[in-house]
Every structure is written in C-alpha cells, then in structure tokens.
Amino acid sequence: MAEPKENPFLDDPETMDEEFDLDAAIDEDPDAGPDRARASFEAIVTERDELKDRLMRALAETENIRKRAQRDRVEAEQYAGTKLTRDMLSVYDNLRRALDAAGEANDAVIEGIQLTLKELLNVLEKHGVTLVSPAIGDRFDPQVHQAMFEAPVPDTKAGDVIQVAAEGFKLHDRLLRPAQVGVSSTPAAG
C-alpha cells in the first residue's frame, strides 16, 4: 500500500495562509501576474473554508446521530416490556377483585391472594412500574386520572375524587393506564 503524501493543507488548514508565498507563485508563472495569483489563492482559501464548514457540519450531524441512537437505546431498554406489562394489569385487576369478593371467606385463601398480589406488585416495581392510587378527597389530575363519572356530593369541592374504580400504573415516567375515578361536580344547591 502506498504511503499517503504529506499535505500540510490537510494537516493544518490554518497554516495555509501563512505558508502561501505570493512572490513564489508569481515566479512560477510570470505571465499570470499578481492579480491572477491572488485570485487563485482566494479561490483556494474559499474552497478550504467551504470544506472546513462541510466537515464541521458532518461532525455535528454524526454527534447528533450518536446521541439519538443512545437515547433510543435507553428508551428501548426502559419501555421494551410495555405491552407485556399492560397485559399483566388485568391479572392485577382480577386478583384485586378476588380479594374484594372473598369478604370473610377462608382466611388462608385471602392470605394467598394478598401474597400473590403483593408479589405481582413487587415484580412490576422491580421493572419500573409504579401504582397510581389516588385517595378519596384527592384533586382530580387529568394527567394520571380518568374520570369515569361525575356526581354532586355534599361536603366536597368540584374536582375532588369521590371513588376509585381502578388503580392506574406508570412505567418509569410514562402512564400505562390512568386511575379510573369518580369525580365530584359542583354540589347541588339544596
């Protein structure tokens, strides 16, 4: 393989202005005159500046692509299980319903359901899933709550949560499912 030729222009473009010898250029082509040599020099400087600009833009674009790829990789790691997690929420709901329906049934069955529910929440939490569980009296937040109904309830303010129909879930900072709530409307005048 041939050795690359040394080209100080490519190694350090800033030194080109200093290294160009106008008198030597005129001596090489005496018929050209100083104006033609100067025009040739300015054309070279302009081309160099354009190439330097293109190089800087290419470097910036490469850096942007690298950052975008890094961001996409991190996002893929965090949210890859979104579909599976959404499917698992119905398991949580069914366990919650079973616990509510058990009432005063067999203590061992209730304890088993509670432990299974707790284990499911631990596994979900391990993978970045958090429970969105508003309390009665909390303010309705459309970012994490879904109003299922609205009713006038005495001794409440409009926009207060009056019932929680289903808890919601977040995966890291994304909402998987909003908490389904009933909301107080302005109480009827009585």
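Colleague: What makes a stretch of residues count as a helix here, and what is its expected span?

Modeller: Helices are DSSP runs of H or I with at least four residues, strands are runs of E with at least two, and both are numbered from the N terminus; the expected span of a helix is 1.5 Å times one less than its number of residues. This is a predicted model, in which local features need pLDDT of at least 70 and side-chain atom pairs count only at pLDDT 80 or more, while totals for chains, interfaces and linings use all residues. Residues are numbered from 1 along each chain as its sequence is written, and side-chain values use heavy atoms, with hydrogens and water left out.

Colleague: How does the reach of helix α6 compare with what is expected?

Modeller: Helix α6, residues 107-126, has 20 residues, and from its first C-alpha to its last it reaches 28 Å, close to the 28 Å expected.

Colleague: Which residues of α6 are called buried, and why are they said to be on the same side of α6?

Modeller: Buried means under 20% relative accessible area, exposed over 50% and partly exposed in between, with a 1.4 Å probe and protein chains only; in α6 the buried residues are Ile 110, Ile 113, Leu 117, Leu 120 and Leu 124. They cover an arc of only 90° around the axis, which puts them on the same side of α6, the arc being that of the directions from the helix axis to the C-beta atoms. An α-helix has 3.6 residues a turn, so residues three or four places apart point the same way. On the other side of α6, the exposed residues are Asp 107, Ala 108, Lys 118, Glu 125 and Lys 126.

Colleague: What do the buried residues of α6 pack against?

Modeller: They pack against α5 (82-102), β1 (129-132) and β4 (168-171), where contact means heavy atoms within 4.5 Å.

Colleague: Why is Leu 171 called buried?

Modeller: Leu 171, which lies in strand β4, has a relative accessible area of 3% and is therefore buried. Leaving aside neighbours within four places in sequence, its contacts include Gly 128 and Val 129, and the C-alpha atoms of Leu 171 and Val 129, 42 residues apart along the chain, are separated by 4.4 Å.

Colleague: Why is Glu 167 called buried, and what makes a polar contact with its side chain?

Modeller: Glu 167, in the loop between β3 (161-166) and β4, has a relative accessible area of 15%, so Glu 167 is buried. Its side chain makes a polar contact with the side chain of Tyr 92 at 2.3 Å; the term needs a pair of N or O atoms within 3.5 Å, and within protein one must be able to donate a hydrogen and the other to accept it, while residues adjacent in sequence count only if both atoms are side-chain atoms.
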